[in-house]
Amino acid sequence: MMGKKSMPRIGKLLAVAILLGAAAKADEFQIGVYCLNPNARTEQHIKDIRDCHVDFVLGINYDDVKTLDLFAKYGLKAMVEGVFPGWWGGHKKTNGKMAEIISAEVIDKGVAAMKAAGTDTHPAVSMVSIGDEPSALDFPYYHTLIAKIARSLPRQLPHVNLHPCYPPVEADFGYIGASNYYAYVASYMANVPLDYLSYDNYLYSFPRAEGMACLLRNFKIVSDACRKTGRRFWFVPQVNTHKREVVITEQKLRYQANLAMAFGAETLVWACWTKGWWEMNVLDTNGVKTVQYDRLKKVNAEIKAIAPRFMAFRTVDTRLVGFESHPDWLAHSDSVSVPALDGGFFRQLKAEDGDALVVGIMTDRSGTSPRKALYVVAAEDAWDDAPKSRTVSFETFGTVSAFDADGPVPLTRTDKADRYSFAVKSNHAVLVVWEK
């Protein structure tokens, strides 16, 4: 999956152990959430998490055996904290000094504590936190740290989440430890022996044009790098809001999820379930469901419904179609748009109204079938201003079918023999499958 140049200091067997640990459910689309405060850990709370189609939770202390037992009962997994000292790469005075602060002795002590609690073999514990938004200056030490975890905690996958490419962050070397975001991601790929890359990017916390351009740029940089190196793409979208007056509607949840999937994301981790940062989380500060619970449950159910078909393929490219009508979204996005997509098996794909589509170009994941697919997202209504139904048409030959979260989607043949069309609603997605 990763070439030797990507892993300069790790043994082959150790590398395989790490990759196998990460890829245990590589054929399943995974959904996680951040933060579960202590007042939201009753059995009913845990059941509610699972009923929301969530697979794992980030933010449980390693020695909270009672909660972990409930997780195991309901089939949830946990990323545990407290084994290693908290590490956030936003502290510029300590960036690049991780090896000095978290020594081998500190790591050994944390591992011993986890083993003493018996959670190193607990069935619910699948990941161990090793930091958030680190600087590239510390990526070489992450190699050493992850190798040590692989030896000491072979059942757990190390978890780290990277900085987004927000312009103020990217421009500050003190934060990212690299000259630009491309170099930041390249350094991760060259030094960190994990088979995924995870980062967060919160579209609805910025002015529209700035937020969209940054979102598209981040998707492009990370998805391109993941495809080149065989990594899986994890994305952290927002279910909460930076400002209470900004409402994260069901449509906004759906938009974030479907765009990420069009760029190849195979894991989503929603922020936040209970208050970790910001407002209007899925549960309030008393552990009571907010309106976000049912919204997230609906969107997660849609993801899980399309996931088996989606995961039968992998994305090899992503194209923007019809974004010429939104030039401010393209500015500074490092992306280009075409009026219609020509992709060999599918030609002249476009929305009949000429508006924005994001299209993931996919190939059969098994490598044994000639099947191809497109993940077509109606991408014009990011802010849930004026949702509508649109018609998308394309040309192809052979056998073709289409699906969304509700099942098969009718394909209509136009007056041209090899041209088909289908309907798609704003922010929804349709998977179009070509077979020989």
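Guide: The buried residues of helix α6 are Phe139, Tyr141, Tyr142, His143, Leu145, Ile146, Ala147, Ile149, Ala150 and Ser152. They belong to a predicted model. Those ten come from a helix of 14 residues, and α6 is mostly covered as a result of that count. The helix runs over residues 139-152, and its first and last C-alpha atoms are 20 Å apart. That reach is close to the 20 Å expected at 1.5 Å a residue.

The next part is an open sheet. Seven strands make it up, in the order β10-β9-β12-β13-β19-β15-β16, with mixed pairing. At its edges stand β10 (337-338) and β16 (407-408), each of which pairs on one side only. Helix α11, residues 250-262, packs on this sheet and touches β9, β12, β13 and β19 (429-435). The direction of α11 makes about 150° with that of β13.

On the β9 side, eight bridges join β12 to β9 (residues 313-321), and the two strands run antiparallel. Two pairs show how the residues line up there. Phenylalanine 313 has aspartate 364 of β12 as its bridge partner, and threonine 318 stands opposite glycine 360 in β12. On the β13 side, β12 pairs with residues 372-378 in the antiparallel sense, over seven bridges. Here leucine 357 has alanine 378 in β13 as its bridge partner.

Which charged side chains are paired in this model? The structure holds 27 salt bridges, and a few of them can be followed residue by residue. One joins the side chains of glutamate 170 and arginine 217, at 2.8 Å from N to O. Glutamate 170 is in helix α7 (residues 167-170) and arginine 217 in helix α10 (residues 208-229), so this pair ties together parts 47 residues apart in sequence. Both partners are buried: glutamate 170 has 12% relative accessibility, and arginine 217 has a relative accessible area of 12%.

A second pair lies within α10. The side chains of arginine 227 and aspartate 224 meet in a salt bridge, with 3.7 Å from N to O. Because these two are three residues apart in α10, about one helical turn separates them. Arginine 227 is partly exposed at 24% relative accessibility, and aspartate 224 is partly exposed at 25%.

Glutamate 302 is buried, with 15% relative accessibility, whereas lysine 298 is partly exposed, with a relative accessible area of 41%.

Salt bridges also form a network. Asp353, Asp355, Glu380, Lys388 and Arg390 are linked in it.

How many disulfides does the structure hold? The number is zero. Cysteine 35 is in no disulfide, and its nearest cysteine sulfur, that of cysteine 272, is 4.0 Å away. For a disulfide, the two sulfur atoms have to be within 2.5 Å. Cysteine 35 is buried, at 14% relative accessibility. Cysteine 52 is buried too, with a relative accessible area of 0%. Its closest cysteine sulfur is again in cysteine 272, but at 14 Å, which is too far for a bond.

Methods. Residues numbered from 1 in each chain as written. Predicted model: local features only at pLDDT ≥ 70, side-chain atom pairs only at ≥ 80, totals over all residues. Heavy atoms only, no water. Buried < 20%, exposed > 50% of the residue type's maximum accessible area, 1.4 Å probe, protein only. Helix = DSSP H or I, 4+ residues; strand = E, 2+ residues; numbered from the N terminus. Expected span 1.5 Å × (residues − 1). Salt bridge = Lys/Arg side-chain N within 4 Å of Asp/Glu carboxyl O. Pairing = 2+ DSSP bridges. Contact = heavy atoms within 4.5 Å. Axes fitted to C-alpha atoms, helices over the stretch in contact; angles between N-to-C directions.
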